[in-house]
Amino acid sequence: MTADSTGWPGADGPGSRPGTAGGPVPRPGAPAVWTPRATDGPVPRPGDVTGVPHPGWMDPLLTACTDGSFDGLLPKRRPPEDRGAGGPGRPHRDAAVLVLFSGSPGAPGPRPPRDARILLTHRAPTLRSHSGQVSFPGGGVDDTDSGPVEAALRESWEETGLDPDGVDVLAVLPELYIPVSNYSVAPVLGFWRDPMEVDVVDPGETSRVMTVPVDEMLDPANRFLLRHTSGWTGPAFQHDDLVIWGFTAGIIAAMFHSAGWDLDWDTTDIRDLESTLEASGNGERPRMSAEEARREHSDPLADRTVAGVPGVRSGHDDDDDAAAGAAAAGAAGAAAVGEEPLDLPADDPRRG
């Protein structure tokens, strides 16, 4: 769970069950106490494929996630070899998120079946960091975790009550390095073999737990780009009154495109970040979210790749030189006032 598990005392969302001093209250069928999963072979690390059987419709996605197609659609950033203190002075830390798909196991593919879904959470609007944003369940890799797989499953259990025994882990994808926080985040790709009831465990941390239909996310009517005045640009999805953007949307968009699941959608539909979030049901603090986008865009290690949207680059047509100067000025100003560095938009891996 996040270090920000404060706020909303005594306010339980619909269907939520408050946690206790001993940990989350489990969903029916979920373990009451977290127990690490026993493994017969080596612990999967970033870049590993487990070889666990999976539905035929997931073949294109698993292939794309292991042949470099998926990774090639993401910003090109890797952690320093020494993984020591980063620019903000924070020690490097590993984190993991669970990218969990469900759907008919017998569907042949190559496209996902109509009942395919993906597990997402809506962070509580009262959190201090990344409040109101939609994210994958996940968080920091603790010292007691065997690696990113256990961290992703443990955090998912803590946040949603997910029973890890119903999840088949297919691969641990290459890490995405976040320079401003000195974190490396490994997406753990899984198939939900035995779906169960999941819901809010701690309403101080999570506002909603959702299994969003993949068909809905692929629908061109629900897809667009967001752009901040700094030039930061990223993919976004509409789900009910929520806007999915930032890290989460980038991972999903890259998966959809690299798997060949994309439908033609209007990549010229570029909307203003702050006004779009203000009009949504996310409950975000638009100025804080916009600041995250600005600082992500100005990071000297960031390239201009728009995750999962080939042919579109982050920034304005005429701002290559201007952005460099603005980035340097912004970074100097932030350092002068001791501003807290922020992470890649939409997912804060500073959990646990």
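In what sense do β1 and strand β4 (residues 138-140) pair, and over how many bridges? They pair in the antiparallel sense, over 3 bridges. Here are some notes to read alongside the model.

1. **Ground rules.** This is a predicted model, in which local features need pLDDT of at least 70 and side-chain atom pairs count only at pLDDT 80 or more, while totals for chains, interfaces and linings use all residues. Residues are numbered from 1 along each chain as its sequence is written, and side-chain values use heavy atoms, with hydrogens and water left out.

2. Helices (H or I, at least four residues) and strands (E, at least two) are DSSP runs, numbered from the N terminus. Two strands count as paired if DSSP finds at least two bridges between them. Strand β1 covers residues 93-102. Its pairing with strand β7 (residues 183-192) is parallel and spans 9 bridges. Within that pairing, Leu98 faces Val188 and Phe101 faces Phe191. On the β4 side, Ala95 stands opposite Gly140. Strand β2 (residues 117-123) runs antiparallel to β1 and is joined to it by 2 bridges, with Ser102 opposite Arg117.

3. **How enclosed β1 and β7 are.** Buried means under 20% relative accessible area, exposed means over 50%, and partly exposed lies in between (1.4 Å probe, protein chains only). In β1, 8 of the 10 residues are buried, so the strand is largely enclosed by the rest of the structure. For β7 the count is 10 of the 10 residues, so that strand too is largely enclosed by the rest of the structure.

4. **The two faces of β7.** In a regular strand, side chains alternate between the two faces of the sheet. Both faces of β7 are covered: one side carries Tyr183, Val185, Pro187, Leu189 and Phe191, the other Ser184, Ala186, Val188, Gly190 and Trp192, and all are buried.

5. **Other partners of β7.** Strand β5 (residues 167-172) runs antiparallel to β7 and is joined to it by 5 bridges. Strand β6 (residues 176-178) also runs antiparallel to β7, with 3 bridges; here Ile178 has Tyr183 as its bridge partner.

6. **Asp168, worth a click.** Is Asp168 buried or exposed? Asp168 counts as buried because its relative accessibility is 14%. This residue sits in β5, and its bridge partner in β7 is Phe191. The side chains of Asp168 and Arg193 are joined by a polar contact of 3.0 Å. (A polar contact is a pair of N or O atoms within 3.5 Å; within protein, one must be able to donate a hydrogen and the other to accept it, and residues adjacent in sequence count only if both atoms are side-chain atoms.) Contact means heavy atoms within 4.5 Å. Leaving aside neighbours within four places in sequence, Asp168 is in contact with Val52, Pro53, Leu189, Gly190, Phe191 and Arg193.

7. **The four-stranded open sheet.** Here 4 strands are ordered β11-β10-β9-β12, with mixed pairing. The edges are β11 (242-244) and β12 (270-272), each pairing on one side only. The twist averages 45 degrees from one strand to the next. Strands β9 (residues 223-227) and β10 (residues 233-239) run antiparallel and are joined by 5 bridges, with Arg227 opposite Thr233.

8. **A helix across that sheet.** Helix α4 (residues 246-258) lies across β9, β10 and β11, and runs at about 90 degrees to β10. Axes are lines fitted to C-alpha atoms, for helices over the stretch in contact, and angles run from 0 to 180 degrees between N-to-C directions.
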